[in-house]
Structure formats: C-alpha cells, structure tokens
Amino acid sequence: MSTSAKSIAPAVVAQNVRHDLLIDGQRVPALSGRYFDTLNPASGAQIAQVAEADAQDVDIAVRSSRAALEGDWGQMRASERGMLMMKFADAIRSAQDELIDLESLDSGKPVAAIRRQDLPAVLDTLVYYAGMADKINGQVIPTRNDALTYTVREPVGVVGAIVPWNFPLMIGMWKIAPALACGCTVVLKPAEITPLTALRLGELALEAGIPGGVLNVVPGFGKTAGQALVDHPDVDKVTFTGSPTVGRQILRSAAGNLKRVTLELGGKSANIIFPDADLDAASRAAAAGIFFNSGQVCSAGSRILVHQSVYDEVVERVAARARAIRVGDPQDAATGMGPLISQVQMQRVLDYIEVGRREGARLVTGGARHGERGYFVTPTVFAGVAPQMRISQEEIFGPVAAMIPFADEEDALRIANGTVYSLAAGVWTADIARAHRFTRRLKAGTVWVNTFGPTDVRLPWGGSRDSGFGREHGEMAIENFTEPKVVWINTGR
Ligand code: NAD
C-alpha cells in the first residue's frame, strides 16, 4: 500500500491511498518515510494516510520556494502572475465538487455549508488578489529639487503559512492568494487534522501553470513541521492562524532571524442585544453566530449579552433555534451542524459544559454528546452566565452559547470588553446613536451592527490583544507580503 496518489479525489481517498508531500511540483514521501492517519470526524474512521513532514522535508521545501522566488516566478511580469492566479481559480472551480467532498470528509464540515460559504470565499479571495497582482504600486514622493525619490514594493520573500483545521481551504487561501499576488512563494503547513484539501490545492495550482516550488505543501505536526518552518532562517515571513498559545510560541521562535509575523488567534466575541432590536432577527443571528461550523469559528458569538428586560424571551428563542438544528452526517445536504473536529476537541467541549454546570450556569438545552459514533455535541445554551465564569472568559471552540444578562449600556460594554480577546463583536439596536457609541467603544477588530458574522476579503480582518495582531484581507494584506524600498536618484539641479 505504498502507491502515491496523483490526485486525491474522494474516490481515491476511499481506497485509503497514501498521500505524499507536494514539494517543487512533485508528490514526494517524507524523508523519514513516516505517514500519519487522517480521520473522518463524523465516524472516527481512518480516511487516508498522509506523509509526515519534519525539519528535513521543510528545509527542502523552503529551498525549493527560494529557488522559485529567484527563478521564473520572481522574473514574471505581475500581470502574468495575476493571469496564472485566475487560471488557478478556474481549476478550483472545475474541481469544486471534489474539493467540497474532500473538505467535508476530512473536517466534518457539512457539504451544504462548504458549498454556500467556504468555496465561494476561496474563489472570491483568489480572484480579488489575482486582480491586484499588477496594481501593487509604489509612490513618487517629492523631496528636493536635486532628486527623484520614490518607493517600490518588493515581495517579502519566502512565506511560511500555518493554518488551523476549522476552515482549511478558506484560511489557506487567505494566505496563499495575497502572497502570490505580491510575488512571494509559499510553504503551506496545513493542520495535521485536515491536510487533504491543502495538498489538492497545491496540485491545482500546478495544473493552472503556476511553477513548481511557488506553492509547496508540507503536512505534518505543529511541534515538528510547523516549528521547523518558523525556525527556518530562510523563511522571511510567517502568517499564522491558530491558538494564542501557539501564536506566542511562534513569536518567540520568529525572533531567530527576525521574521515578520502576522497572528490571527482566538476570540470570545460578544453579541449584544438591546430590547429595541428586532429580537427575531437578533436571536436567529445569535444562534447562527455560535452554532455555525459547530462553534469552531474564531469569531463565534460565544457570549450572547441580552438586556435583562428581554433576557428570558431571547434565551428561549435562541434555545428553540438550537433545538431545531439538524445535527448529523456532514455529507447529507440537509445537515445543519456536523461533528467537532476530533475526539480531543469533543472531550474539551464536554469538559467545558461540565465546568459551566459546576460554576452554576443553567443548562437550557443540549449539553451532551450526540450519538455514539463520531465527535458530535448537541447545540448547547447556558443561561444565567456571570461574566467571570470560565465559560464566559475562555474560548471553548464548540457549540456552546453563554447567555449573559446586562442592566444598561455601561454594564454591557464592561462585560463585552472584559476578556483577553479583541476579535469581533455584534450589537443589535434600532437606536443609531447607540450603535455608533458601541462601535466606538467596543474593543474588536470588526464590529457588526444588526448582523453577526459576515466577512469579505475586501475588508481587513484580524484583532488585537490575545486575538493577535496584523490584518489579513483587503489592501492591508499587501503590506504583509511586501517590503517597501526607497529609491533616491540624484538628478542634479
Ligand atoms: P493550533 O494553534 O493548535 O494549531 C494551528 C496550526 O499551528 C496547526 O497547523 C498546527 O500544526 C500548528 N502548530 C502547532 N504548534 C506549532 C508550533 N510550535 N510551531 C508552528 N506551528 C505549530 O490551533 P487549532 O487548534 O488548529 O485552531 C484553533 C484555534 O485557531 C482557535 O484558538 C481559533 O480561535 C483560532 N482561529 C483563529 C482565526 C482568526 O482568524 N483569528 C481563524 C480560525 C481559527
């Protein structure tokens, strides 16, 4: 069973073929010869074995990406780079059914959600940055009469992209697309739990004509492959999405050669509902805000703050929505919520539910494992949650809503801003002045008013404090992947 798959279509996955690394345009086994299992979270069954990169393989991948940067890719006209990225988008579009199935199989995400949300976002991101490839301009900045002074933006170099398992395709593309638009090359380290679609993306880039080495994919574990990428002296930039603990570790390691780093970390986002809001819309969005992707979303609205005058009513509405969610097989198009990503994550969420009970919060609905196969947890709502409880402070990363009553605006702001995170927040009100007061005073990288959760690649995305720093998306991402250079030409007078 040592055949390497050329393509990792689900049919091939079903035969349990081994999947090798993608380095320099070739599928190659890890030098150690080791493979690790990737499991289907809906059943716990093994779906494939994947080559396990370690420091030696990462070194080869980084060298290959350096060579690509200094070779064809680095010499290519920006417009041509953009065209190749458009072809990459075409290749993804042609392979979308396969990608959706593969992503669902590997991550447990419902196919309907991937088709509606993830895949369109992947394409939107790629096409947006493809169009930007030849619009990365410098500035002519007049200084003196005897000089022509201007700036250009050059690619930052070899990028190490480390992504989590909750949106493998989408977050992968958030990093790949702006890096390629800027002329960088990328070594992508997918999460060890969800390596399959990253490998397929790498193949599709090659099929589109993007030269080998421009996008290398090295599945492996964080402590080995991930750490090696962050430690590597020839990696110029690390773009990371994941947990604050690993984010801190990455920052320390990046000090070695002073790599540039952007960190998109966790959240404990507050969704604040005032009595003058459309309570039906607010409750619907609040439930979607925490139960979407089984709550495994960095910007999940995991704290639902409700004014005490409508608290009981909103709790009941959110709980009713939770009970109505169809939990089950992610491959079934009618499924609303799939499993958690792993046994470990399921146990972590169940432990937090126990913590909530012990802390004295009232379990309104859910709170248990769903079924006996796979890693499902029922949509869970806790009421009577106090702001200092652990379920109100710590990121659970599961389908657990902490519903917290508040008395007035000051109270709501104090609670909303009272965690270590600053990623996103929502406010529901019909009072436009209050909406503006809250957007000003909420500590968050994104504030939603009378909605919760939408993102768009045109808008900067990221947070501060334990949610990390730097922004992905939009024109801001161009700064992440370019280095400005000043040119001073002595023209004489
Ligand atoms: P994680 O930090 O455990 O792992 C993320 C990635 O880092 C994986 O690829 C992992 O292999 C790698 N890694 C682990 N240790 C490493 C090390 N020492 N050096 C280099 N790489 C290492 O996070 P996770 O459990 O996969 O993802 C969940 C977390 O991601 C949550 O905290 C969530 O909030 C966060 N997240 C944030 C955003 C955002 O945009 N802010 C989006 C999605 C997820």
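Asp332 and Arg326 form a salt bridge, with their closest N and O atoms 3.5 Å apart. A salt bridge here is a side-chain nitrogen of Lys or Arg within 4 Å of a carboxyl oxygen of Asp or Glu. Side chains of opposite charge can pair when their charged atoms come close. Asp332 is partly exposed at 31% relative accessibility, and Arg326 is partly exposed at 49%.

The model is predicted, so local features need pLDDT of at least 70 and side-chain atom pairs count only at pLDDT 80 or more, while totals for chains, interfaces and linings use all residues. Residues are numbered from 1 along each chain as its sequence is written, and side-chain values use heavy atoms, with hydrogens and water left out.

The pLDDT is the predictor's confidence in each residue, from 0 to 100. Its mean over the protein is 96, and 97% of the residues reach 70 or more. Confidence is highest in strand S8 (residues 185-189), at a mean of 99, and lowest in helix H1 (residues 10-14), at 55. Over residues 1-7 the pLDDT is below 50, and this stretch has 21 contacts in the model beyond near neighbours in sequence. A contact means heavy atoms within 4.5 Å. Where pLDDT is low, the predicted coordinates should not be read in detail. The names of helices (H or I, at least four residues) and strands (E, at least two) refer to DSSP runs, numbered from the N terminus.

Salt bridges come next. How many salt bridges does the rule give? The count is 34. One of them joins the side chains of Arg63 and Asp59, at 2.9 Å from N to O. Both residues are in helix H2 (residues 55-70), four residues apart, which separates them by about one helical turn. An α-helix has 3.6 residues a turn, so residues three or four places apart point the same way. Arg63 is exposed, with a relative accessible area of 55%, and Asp59 is partly exposed, at 24%.

Another salt bridge pairs Glu98 with Arg200, at 2.5 Å from N to O. This pair links distant parts of the chain, 102 residues apart: Glu98 is in helix H5 (residues 96-107) and Arg200 in helix H8 (residues 196-207). Glu98 is buried at 17% relative accessibility, and Arg200 is buried at 6%. Both belong to a network of salt bridges that links Arg27, Glu98, Arg200, Glu203 and Glu207.

The chain can also be viewed by domain. Domain 1 covers 10-265 + 467-486, and domain 2 covers 270-449; the bounds come from an automatic or database domain assignment. Their C-alpha centres lie 31 Å apart. Across the interface, 27 residues of domain 1 are in contact with 26 residues of domain 2. The size of an interface is often given as the accessible area lost when the parts come together. The two domains bury about 2,100 Å² between them, 61% of it on carbon and sulfur atoms; this is the accessible area (1.4 Å probe) that the two parts lose on being put together, summed over both. Pro41, Trp165 and Ser467 supply 26% of the area that domain 1 buries against domain 2, more than any other three residues. The number of salt bridges between the two domains is zero.

Is helix H15 (residues 409-416) mostly covered or mostly uncovered? Helix H15 is mostly covered, as six of its eight residues are buried. Those residues are Glu409, Asp411, Ala412, Leu413, Ile415 and Ala416. Their cover includes strand S12 (270-273), strand S13 (303-307), strand S16 (400-406) and helix H16 (432-441).

Backbone angles are a further topic. Most residues other than glycine have a negative phi, and most peptide bonds are trans. Asn293 is not a glycine, yet its phi is positive, at about 55 degrees. Asn293 is placed in the loop between helix H11 (279-291) and S13, and counts as buried at 9% relative accessibility. Arg465, in strand S20 (residues 464-465), also has a positive phi, near 50 degrees. Arg465 is partly exposed, with a relative accessible area of 40%.

The last topic is cysteines. A disulfide is a pair of cysteine sulfur atoms within 2.5 Å, and the count by this rule is zero. Cys184 is in no disulfide, and the nearest cysteine sulfur, that of Cys182, is 5.7 Å away. Cys184 is buried, with a relative accessible area of 0%.

Methods
Buried < 20%, exposed > 50% of the residue type's maximum accessible area, 1.4 Å probe, protein only.
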